[in-house]
Structures are given as structure tokens and as C-alpha cells.
Amino acid sequence: MTKILKNYLIKTPKHIGFILDGNGRWAKKRGLSRSLGHKAGVEAVRKTVKALIKYKIPYASMFAFSTENWKRSKEEVNCIFDLIRNLLKEERGSFINQKIKLVISGDISSLPKDLVESINEVLNIDIKDPKLTLNICLNYGGRADIARAVNKLIAQGKRSINEDDITNNLYSAGIPDLDFVIRTSGEQRISNFMIYQIAYAELYFPKIYWPEFNEKKLKKALKVFAKRNRRYGGY
Ligand code: IPE
Ligand code: IPE
Ligand code: MG
């Protein structure tokens with residue numbers, strides 16, 4: 001007997017971008033500190049990564065810390081970095097077992113040394129035929145990404161550049177353009193997230209805070225995506 005696959009499992013995005021927003025408001029609503037909001041946000045990341053593998057999504061990008069987020073208090077910034085460091089340490093084994101390949105987009109040179117060490121520990125794992133390529137955007141800005149790509153091309157001696165040259169020199173080189181971008185929290189803006197790669201992405205703004213995101217919410221998002229009609233300027 002042939003199994004009829006549901007539409008949302010056939011027409012799936014290859015690359016989903018997540019703008020993880022609303023940790024602070026989620027916490028405030030519950031009378032908790034912003035730090036606890038970020039802690040809950042990390043749990044949502046774990047659940048989402050498992051669900052992405054279950055639904056066979058090959059590429060995902062997650063916006064974890066922007067070049068503008070340094071405007072926040074030192075305490076909050078350090079809390080976010082500590083949480084990411086712990087997540088990478090705790091999940092190192094799952095990156096191997098689940099065949100997840102980590103990519104980091106952003107300037108990590110100004111991040112705390114212990115965080116850079118845990119990042120490198122995971123980046124150094126050699127994953128063959130990854131099930132999921134997980135691109136974490138950390139100290140990342142879309143404009144800075146483009147400027148860096150152009151500077152790399154100048155350093156190569158290029159005098160004229162085309163669109164592919166830029167694509168191939170972004171942090172996300174080798175990863176296809178975004179098909180679908182999900183921003184939680186109700187805000188309907190891009191906030192400097194992968195602005196070059198987003199050109200023809202479908203956008204979705206569920207009215208939930210990031211810590212509420214899970215497999216069920218991803219399934220709902222995939223159903224929304226399956227109903228979208230992408231035309232790329234044609235008919
Ligand atoms: C998490 O949500 C995203 C990060 C910048 C780490 P926020 O911390 O922006 O939460 P809100 O927007 O204040 O609710
Ligand atoms: C975007 O969220 C950046 C990340 C999710 C890391 P922000 O909360 O920083 O964005 P704005 O300030 O609402 O635009
Ligand atoms: Mg926010």
C-alpha cells in the first residue's frame with residue numbers, strides 16, 4: 001500500500017531562518033527575569049532542532065545575537081553567551097549522533113574566550129552527509145556580512161563583482177538562499193538578519209514568543225509555507 005504523504009511534508013522549505021524573538025516579553029509576562037526568558041528560549045531551540053531533523057529540513061539559520069544586541073546590559077549579554085556556551089557543550093554529542101553540522105555566521109573574535117572555545121570544539125567535528133546544517137548567527141548583522149564579502153573580493157583583486165560572487169563570500173557560502181523566515185513575538189521586521197539571502201524568502205510572523213516555539217508550531221509553520229505560491233517575478 002502506498003503511503004500518501006501530506007502536502008506540507010512534500011513542499012517543504014530547504015532552508016528556514018528563525019529570528020528568535022520575544023524571550024524578554026515571555027519572561028515579563030510571567031514575572032520572571034529576562035535571563036530566565038533566554039533560558040526558556042534555549043529549550044525551544046533544542047526542541048526546534050529535533051523537529052527540524054524529524055521533518056527532514058536540511059538547512060536552518062538561527063539569529064541568536066545581533067551586532068546591535070551589544071546595546072543591552074552587560075549582565076544580559078553575558079547571560080546569552082553563557083547559555084550558548086552551555087548549549088554547545090551539552091549538545092556536542094548530539095551534533096555527532098544526529099549528524100548536525102554547525103556553521104557560525106558573525107564575528108566571533110570579540111566574543112568571550114570560553115565561548116569561542118566551545119564553538120571551535122563543535123566546528124571541528126567532521127560531519128559527513130549532515131542531516132541538518134545548523135547556521136547560528138552570532139554577533140551577526142546582514143549589512144556587515146555583505147561588507148565583509150565585498151572586502152574579501154577586493155582582497156582577491158576583483159575589480160568587478162556579480163551576485164554569485166557576493167553569495168559565495170557570505171558567511172553562509174555553500175548554504176542555499178532562505179526559503180522561509182519565521183520571526184516570533186509579533187514583530188514584523190527583519191532586524192538586519194541575512195538580508196542578502198532573504199531576497200525571495202516567504203515570511204511568517206506567528207504571534208507567539210520564542211520560548212513557546214516547538215514541534216507543533218513548526219508543523220503549523222510548514223503548513224503555512226506549503227500553501228504559499230512563490231512566483232519569483234514570473235506568473
Ligand atoms: C531574544 O528575544 C532574542 C535575542 C536578542 C537574544 P529578546 O531578548 O529580544 O526578547 P524581547 O524582544 O525583549 O521580548
Ligand atoms: C533580533 O531581535 C535579533 C535576534 C533575534 C538575535 P531584536 O529583539 O534584537 O530586534 P529588534 O530590536 O526588536 O528589532
Ligand atoms: Mg526582541
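**Reading charged residues**

A: In this predicted model, a network of salt bridges links Asp21, Arg25, Arg183, Glu187 and Arg189.

Q: How many salt bridges are there by this rule?

A: A salt bridge requires a side-chain nitrogen of Lys or Arg within 4 Å of a carboxyl oxygen of Asp or Glu. By this rule there are 16 salt bridges.

Q: Which parts of the chain does the salt bridge between Lys54 and Glu215 tie together?

A: The closest N and O atoms of Lys54 and Glu215 are 2.8 Å apart. Lys54 belongs to helix α3 and Glu215 to helix α8, so the pair joins parts that are 161 residues apart in sequence. A further salt bridge joins Glu91 and Arg46, with 2.6 Å between the closest N and O atoms. Here Glu91 is in helix α4 (residues 74–97) and Arg46 in helix α3 (residues 34–54), 45 residues apart.

Q: Is Asp165 buried or exposed?

A: Buried means under 20% relative accessible area. Asp165 has 14%, so Asp165 is buried. Its salt-bridge partner is Lys158, at 3.7 Å from N to O. Lys158 is partly exposed, at 38% relative accessibility.

Q: Which residues form a positive surface patch?

A: Residues in a patch have over 30% relative accessible area and no salt bridge. Lys6, Lys219, Lys223 and Lys227 form a positive surface patch. Lys223 lies in helix α8 (residues 215–227) and is partly exposed, with a relative accessible area of 37%.

Key: Residues are numbered from 1 along each chain as its sequence is written. Chains are lettered from A and ligands numbered from 1 in the order in which they are written. This is a predicted model: local features need pLDDT of at least 70, side-chain atom pairs count only at pLDDT 80 or more; totals for chains, interfaces and linings use all residues. Side-chain values use heavy atoms; hydrogens and water are left out. Patches are made of residues with over 30% relative accessible area and no salt bridge: like charges are joined within 9 Å, nonpolar side chains (Val, Leu, Ile, Met, Phe, Trp, Tyr) within 5 Å. Accessible areas come from the Shrake-Rupley method with a 1.4 Å probe; for residues, only the protein chains shown count as cover. Lys and Arg count as positive and Asp and Glu as negative; His and the chain ends are not counted. The place of a charge is taken as NZ of Lys, CZ of Arg, CG of Asp or CD of Glu. Helices (H or I, at least four residues) and strands (E, at least two) are DSSP runs, numbered from the N terminus. Buried means under 20% relative accessible area, exposed over 50%, partly exposed in between (1.4 Å probe, protein chains only).
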